[in-house]
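Colleague: I've got the sequence and the model open side by side. Can you take me through the contacts, one question at a time?

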Amino acid sequence: MSEPTSHDEVTEPTTLAFAAASEVPEPAGGVDAVIGGQPVSERKQARRENWRLIRRRPSFIIGTLIVTVWGVCALLGDRITPHSPLDYRSTPHLSPRGDFPFGTDATGRDVLSRVMAGARDVLKIAPLAAVLGVLFGVVIGMLMGYIGGWFDLGMSRIVEAFLALPVVLIALLAITTLGSSDWVVIGVVAVLFTPVVARTVRSSVLSERSLDYVTSANLRGEKRSFIMFREILPNVMGPIIVELTVRVGYAVFTVATLSFLGAGPPPPSPDWGAQVSDGYRVLGAGIWWTTFFPAAAIASLVIAVNLIADSVQSVLEAS
Amino acid sequence: MRRFLLKRVASALITLWLLATIVFLIVNVLPGDVGRKILGPFAPKEEVAAFNHRLGTDRPLLAQYFTSIRRVFTLDFGNSFQSGQDVKSIIFSALFRSGKLALLAFVITIPISIAAGIFAARRQDKLADRVVVNVGLASSSIPEFVTAAVLLSIFCVHWKLGKVFANPPPGTSVIGQLEYLLVPAMAMVIAYFGYIARMTRAGVIGALQSDYARTATMKGLSDNQVMRRHILRNALGPTITVISVQIGYLFGGIIGVEKVFNYAGLGSTMLTAVGAKDIPVLQGAVLLVGIVYMLSTLAADLLIAYLNPRVRLETAR
């Protein structure tokens with residue numbers, strides 16, 4: 001992937017611009033006017049058509065709306081919260097009422113403000129972890145599928161071994177030995193996502209490898225890296241985008257679970273998983289609002305991301 | 001069949017070895033002093049050295065590696081940093097308690113989700129199908145601890161139908177234990193329903209469109225006969241695989257459920273170990289889950305090969 005920046009397709013939305021940008025042929029090499037047997041303009045048209053189909057799906061619209069709401073909360077944080085998320089001046093454990101619609105927590109902090117501000121942690125960590133995991137996975141999966149042979153055999157075994165463990169479990173072990181910080185969580189989740197992504201990419205590359213355009217590139221004497229990243233990669237972009245959206249959903253799931261288990265960001269920060277972890281102990285006393293609202297926030301975000309992933313998947317896999 | 005079995009067991013053993021290697025690398029990824037990491041920066045030097053010696057963490061890395069590989073195959077995971085107790089006895093009794101919860105969850109999940117999958121497949125793209133698919137998608141994407149916390153507040157606190165603390169006192173009868181375990185198990189049922197139902201649905205839809213299903217219908221079999229004799233036999237392969245994978249993955253989600261319900265299973269044991277940086281217990285628990293996963297996927301592959309001769313002949317070649 002030498003210089004694919006999103007220089008021309010500015011009008012397209014980000015995820016697809018990513019796909020589109022890597023398909024931009026090298027200006028000098030006239031041979032690339034045709035990629036994968038289709039003229040570029042036709043591919044662009046197909047892409048626009050897919051995007052139009054995705055945009056029209058109700059599940060995509062609902063998912064995007066919810067994610068946007070949380071995105072605004074994450075970006076603006078305590079500039080739009082009714083109280084400060086760290087302000088503990090009011091009475092502890094007030095039930096939901098006029099000025100505290102979600103009630104207050106054990107130290108008198110406003111639950112609504114904390115839920116709104118808590119979007120920041122998860123929206124910072126989860127997408128980054130997913131993007132990194134997909135990036136590593138694409139590189140390794142491309143190499144496995146394209147080089148093949150002993151390398152592929154060995155790596156496939158390692159991938160299988162990784163898949164034998166639940167991500168949360170092995171992340172817990174890794175975070176315990178490495179010590180917790182945002183970057184450790186991002187790195188660990190990304191590394192644990194890599195094998196799954198690599199397996200998906202590998203199987204798509206395998207079905208591309210025997211096609212004529214790869215053979216002809218080989219005959220032209222192109223470099224392996226050129227064939228992998230400039231010829232094959234654009235053609236397997238569909239499954240990669242699907243994998244990316246699915247991974248973002250899993251990342252939100254994993255990061256929330258880790259912070260509930262105590263392996264997330266440190267206490268004062270209004271993280272959703274940590275809020276549930278603080279709140280669930282007093283559920284027995286009938287104080288449900290300190291647990292319910294952050295839990296509902298997690299559920300809404302995960303479902304929203306999965307709705308988006310599902311609509312992207314059903315359109316891209318049908319085409 | 002024997003050839004297939006041998007091949008499959010050999011590959012499981014290789015995966016287990018790689019798994020132990022990965023876990024070893026994670027624990028030893030930071031060069032440096034295990035004793036220092038656990039005792040903190042202010043502990044005296046001699047104490048740290050003695051601690052390392054006791055754990056064997058002052059030996060060369062390669063020797064430690066061989067020990068840790070041997071341990072996976074002999075199931076001897078050494079002693080706990082914290083209590084000095086044998087790790088094996090700690091994690092096996094915890095696994096037994098988690099296993100009870102997991103078994104209850106699966107006994108409920110499997111029939112419900114397979115039935116829902118078949119139900120949805122027969123009404124493909126109708127309203128009932130969309131409901132099953134979307135409820136499945138939503139329920140399986142919510143983290144287990146979220147579902148567990150919501151169920152706890154509704155069923156155990158509001159309606160008082162279950163117990164807030166899920167540990168049954170010793171000597172409780174099997175039926176009596178249900179009162180404790182049913183609500184936490186429901187949290188896992190909700191989490192795993194979606195995967196299994198969707199997989200069954202996809203398998204049945206694929207089989208319904210096949211030539212053999214059409215032939216069976218044309219020769220006059222009723223819909224139920226076609227489903228039982230022809231479709232399910234072919235369609236359940238992927239479902240069995242998903243179930244076996246979920247048996248291993250369940251231990252990721254069960255940690256959250258056990259924490260919410262204060263249940264003393266493998267998950268709670270691991271969380272205690274995380275708090276105390278008790279790496280042998282943590283390592284043992286992770287490897288044990290890996291072994292459970294290997295065994296359940298092995299069993300699933302054998303079951304599929306038994307049900308479907310095409311699979312075993314293809315792999316044995």
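Colleague: Which residue of chain B forms a salt bridge with D310(A)?

Modeller: This is a predicted model, in which local features need pLDDT of at least 70, side-chain atom pairs count only at pLDDT 80 or more, and totals for chains, interfaces and linings use all residues. Residues are numbered from 1 along each chain as its sequence is written, chains are lettered from A and ligands numbered from 1 in the order in which they are written, and side-chain values use heavy atoms, with hydrogens and water left out. A salt bridge here is a side-chain nitrogen of Lys or Arg within 4 Å of a carboxyl oxygen of Asp or Glu. For D310(A) the closest N and O atoms are 3.6 Å apart, and the partner is R198(B).

Colleague: How many residue pairs are in polar contact across the interface of chain A and chain B?

Modeller: A polar contact is a pair of N or O atoms within 3.5 Å; within protein, one must be able to donate a hydrogen and the other to accept it, and residues adjacent in sequence count only if both atoms are side-chain atoms. The rule finds 1 salt bridge across this interface. For polar contacts, with both residues at pLDDT 80 or more, the number of pairs is 6.

Colleague: How do the residues on chain A's side divide into nonpolar, polar and charged?

Modeller: For the classes, Ala, Val, Leu, Ile, Met, Phe, Trp, Tyr, Cys and Pro count as nonpolar, Asp, Glu, Lys and Arg as charged, and the others, Gly among them, as polar. On the side of chain A that touches chain B, that gives 28 nonpolar, 9 polar and 4 charged.

Colleague: Which three residues supply 16% of the area that chain A buries against chain B?

Modeller: Contact means heavy atoms within 4.5 Å, and it takes in 41 residues from chain A and 48 residues from chain B. Buried area is the accessible area (1.4 Å probe) that two parts lose on being put together, summed over both; between these chains it is about 4,000 Å², with 78% from carbon and sulfur atoms. The 16% share, more than any other three residues give, comes from L169(A), L173(A) and T177(A).

Colleague: Now chain B by itself. What separates the centres of its two domains?

Modeller: The bounds, which come from an automatic or database domain assignment, are 2–74 for domain 1 and 95–315 for domain 2. Taken over C-alpha atoms, the separation of the centres is 32 Å.

Colleague: Which residues supply 40% of the area that domain 1 of chain B buries against domain 2?

Modeller: Contact joins 16 residues of domain 1 of chain B to 15 residues of domain 2. Together the two domains bury about 1,500 Å², 80% of it on carbon and sulfur atoms. More than any other three residues, the ones supplying that 40% are F4(B), R8(B) and V23(B).

Colleague: What does R8(B) meet in a salt bridge?

Modeller: The rule finds 1 salt bridge across the interface of domain 1 and domain 2 of chain B. The N to O distance for R8(B) is 2.5 Å, and the partner is D301(B).

Colleague: Which element gives the largest share of the domain 1 side?

Modeller: Helices (H or I, at least four residues) and strands (E, at least two) are DSSP runs, numbered from the N terminus. Those giving two or more residues to the side of domain 1 of chain B that touches domain 2 are α1 (2–27), α2 (34–39) and α4 (61–74). The largest share, 12 residues, comes from α1(B).

Colleague: Is S68(B) buried or exposed?

Modeller: S68(B) sits in helix α4 of chain B. Leaving out residues up to four places away in sequence, S68(B) touches F24(B) and Q283(B). Buried means under 20% relative accessible area, exposed over 50%, and partly exposed in between (1.4 Å probe, protein chains only). At a relative accessible area of 11%, S68(B) is buried.
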